[in-house]
Amino acid sequence: MIVQHLLKNETVTSRRAFLRGIVSSTSVLALGGCASLGATGARYDASSLSVEPTLLVATTRKPANGARAKPWFGPERATRMTVARAKLVPPDESRFSLAAAGIGDWRLDAVEPVPGEVSDLLGQGDVLIYVHGFKQTFETAALDAAHLADGIKFRGQTMVFSWPSKAGLFDYAYDRDSAMWSRDGFERVLNSAVTSPSAGRVHIVAHSMGTMLALESLRQLYARNGDTVSDKIGAVVFASPDIDMDIFSSSVTRMGPLGRKITVVAATNDRALALSGRLAGGMTRVGAAEKAAIEQLGVRVIDASSSGWGVINHDLFLSNAEVRKVIRRSIDASTA
């Protein structure tokens, strides 16, 4: 029950701000086996999102209030995908602000639906697409996308792909089915992005249950287009993937060169995935497996087991500076 209580509060926005404050005011442990990637002292330019705080949106959620007022999109499944631009308000970085003390946060101010396809949203440059995990509202998913892009100082356009989650502790089965139901929608997003003449490389960071959705969509994309899409896909990072090892292995082997672009961030002490494994009949999830077992599948693995300071250790891609550096370096390496 203790783990369940902790999981219930995992996606509260104020906790995100608290994590960022702790990370910004304390030193973090280096990742085992990744010293060259996680070297301390690296500094990057400001993120594009902090300069122009507009987040691109693609969602298979049903709009609420016409997508013009909070909560914008609910937990129900839509009959058609919506694309939109979301106006964000970044933290106040002035000297005496809350952000300066490490407890400021991003805010979602407005959403503007856009007729057409994802290609109508895209401009010049690379694109970072974030796919959220279990138990997320549209708003928390959008803010996590902002935290990710700003945390790794991404230079390019940032998009959130949000699928219908009920955002409830006991709605695991509904969320899992909704994620898989959304895979055709995400494939459409990827296809639009990789065929856009203006967009650069497409980088994907998927978290938890969202990794299954991303994996299956990439597999479908490759089955439809073959090697022609490989050059447009950049880094593919699966953070704490909530995927059965056998399913992961089968999909990776059928994705050709796309499978070799995958980086898995795993932690054997991920308590959320331990619970997920029990719900899945005792099957170990990829994000909680031993590094050597995952590496046998031909993907790159970052073992973050020693990097978490909390009990759950399921969102290290947001809360841990070293893991964020690994993601940044994966993106840089894919564009070199």
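This is a predicted model: local features need pLDDT of at least 70, side-chain atom pairs count only at pLDDT 80 or more; totals for chains, interfaces and linings use all residues.
Much of H4 is tucked away, with 12 of its 14 residues buried. Phe-138, Leu-143 and Leu-148 are among them, and so are the charged Asp-144 and Asp-150. Just past the helix, the backbone does something else: Lys-153 has a positive phi of about 55 degrees.

Next comes the empty space inside. A probe the size of a water molecule, rolled over the atoms, shows where such space is left. Here the structure holds one cavity of 30 Å³ or more, and the volume of the largest cavity is about 40 Å³. Its lining is made up of Ser-240, Val-265, Ala-266, Ala-267, Asp-270, Gly-287, Ala-304, Asn-313 and Leu-316.

Asp-270 sits in the loop that runs between strand S8 (262-266) and helix H9 (271-279). Asp-270 is buried but has no salt bridge, and the nearest side chain of opposite charge, that of Arg-271, is 7.3 Å away. A salt bridge would need a separation within 4 Å. What the side chain of Asp-270 does have is a polar contact of 2.8 Å with the side chain of His-314.

Ser-240, the other one, belongs to the loop between strand S7 (233-239) and helix H8 (245-253). Its relative accessibility is 7%, so Ser-240 counts as buried. Phi of Ser-240 is positive, near 50 degrees, although the residue is not a glycine.

That brings the backbone into view. Most residues other than glycine have a negative phi, and most peptide bonds are trans. Ala-167 is another non-glycine residue with a positive phi, near 60 degrees. The loop between strand S5 (157-162) and helix H5 (172-181) is where Ala-167 is found. With 28% relative accessibility, Ala-167 counts as partly exposed, whereas Ser-240 is buried.

The one from Lys-70 to Pro-71 is cis, its omega being near 10 degrees. Pro-71 lies in the loop between strand S1 (54-63) and strand S2 (73-89).

Definitions and conventions
Residues are numbered from 1 along each chain as its sequence is written. Side-chain values use heavy atoms; hydrogens and water are left out. Helices (H or I, at least four residues) and strands (E, at least two) are DSSP runs, numbered from the N terminus. Buried means under 20% relative accessible area, exposed over 50%, partly exposed in between (1.4 Å probe, protein chains only). A polar contact is a pair of N or O atoms within 3.5 Å; within protein, one must be able to donate a hydrogen and the other to accept it, and residues adjacent in sequence count only if both atoms are side-chain atoms. On a 1 Å grid over the protein atoms alone, a cavity is a set of points where a 1.4 Å probe fits but cannot get out, and a pocket is an open set with protein on both sides within 12 Å along at least five of seven lines; lining residues have an atom within 4 Å of a point. Grid points are joined across faces, edges and corners, and a volume is the space filled by probe spheres set on the points.
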